[in-house]
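Q: I have a structure open and am new to it. Where do I begin?

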Amino acid sequence: MTAGPARTAVLLGLALLLACAAVTGCGGRATTHHKPGTSHEQASGNTGTLLTTDDGAGHRLREVPAGGAPEVRLTARPDSEDGWNLQLAVKNFRFTPDSAGGAALPGAGHAHLELDGRKLARLYGPWFHLSAAQVPEGSHTLTVRLYADDHTAWAVSGKPVEGATQLTATAPAPGQPGGHDHGSTPQEQADRTVTVSVRDGKVSPAPARTELRRGERVALRVTSDRADVLHVHGYDKELALPAGQEATLVLTADRTGLFEVETHESALVLTQLLVR
């Protein structure tokens, strides 16, 4: 065999070997593009049955058998200084913040917190502090619902997996436990304050960049003419915006980069946090 035909035979053999490795039945499994350490079945995200119904907010239900299905129970305990400390007791479920947006894996994901059917926050762990400023005076129903990483809602028998508890908010005198006066306002505790108002779908002042040094605290003061939810991308911080009432979110800029602050329902950009 001359050099030319020999080289051609070698290349043909390599091509056949690669083609064989790419399909099952040739002594190996099909190649996948999933995250290292997960199986092909896990990466496919075919857990349960995806229903046509949703949770009322556009997230489709993912039906799983009752046996071994995720469960959650919610309890709320008054905090000695402000609001309540919430605990999510889960079963057959684990919080996976690093996988949010990925495939739906069995018994994994995050939770949504709702007050009277209105979303307050996305939760990535079993504990959450609910500020008194987020709860109007009166009796309310607090609900947590479990979601898969792909944002479908876990469901059993056509109903979302959730837990609820009743909450009663009073208006104590300033300076008393549970009130809103603790010697200093959130703005006084912050290094920078950004004040924004939303009216008729318009943001005032016009969205701009707010420059911060890493480690600084910023207070976001927002007043919206309609009920909405404030969301800080990159920090996964959320705050309910009651219609016509000022709400304040204080966060520590402990990550560098450019982060958008927007409203969930109206999808308006309020500002951009540039942290150096």
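A: Begin with a definition: two strands pair if DSSP finds at least two bridges between them. Keep in mind that this is a predicted model.

Q: Which strands form a hairpin with five residues between them?

A: Strand 20 and strand 21 do. A267 sits in the turn, with a positive phi of about 55 degrees. Strand 20 covers residues 257-263 and runs antiparallel to strand 21, joined by six bridges. Look for F259 opposite L273.

Q: With which strand does strand 21 pair in the parallel sense?

A: That is strand 15, residues 209-212, over four bridges. Here L273 is the bridge partner of T210.

Q: How many residues of strand 21 are buried?

A: Buried means under 20% relative accessible area. Six of the seven residues in strand 21 (269-275) are buried, leaving the strand mostly covered.

Q: In what order do the strands of the open sheet of four lie?

A: The order is 14-13-16-19, and the pairing is mixed. Strand 14 (202-204) and strand 19 (246-252) are the edges, each pairing on one side only. From one strand to the next, the twist averages 25 degrees. Strand 16 (residues 217-224) runs antiparallel to strand 19, with seven bridges. There, L220 stands opposite L249.

Q: What does Y124 touch beyond its neighbours in sequence?

A: Contact means heavy atoms within 4.5 Å. Leaving out residues up to four places away in sequence, Y124 touches F95, P97, A100, H110 and D236. Y124 lies in the loop between strand 7 (118-123) and strand 8 (127-130). Its side chain also makes a polar contact with the side chain of R122, at 2.8 Å.

Terms used. Residues are numbered from 1 along each chain as its sequence is written. This is a predicted model: local features need pLDDT of at least 70, side-chain atom pairs count only at pLDDT 80 or more; totals for chains, interfaces and linings use all residues. Side-chain values use heavy atoms; hydrogens and water are left out. Helices (H or I, at least four residues) and strands (E, at least two) are DSSP runs, numbered from the N terminus. A polar contact is a pair of N or O atoms within 3.5 Å; within protein, one must be able to donate a hydrogen and the other to accept it, and residues adjacent in sequence count only if both atoms are side-chain atoms. Axes are lines fitted to C-alpha atoms, for helices over the stretch in contact, and angles run from 0 to 180 degrees between N-to-C directions. Buried means under 20% relative accessible area, exposed over 50%, partly exposed in between (1.4 Å probe, protein chains only).
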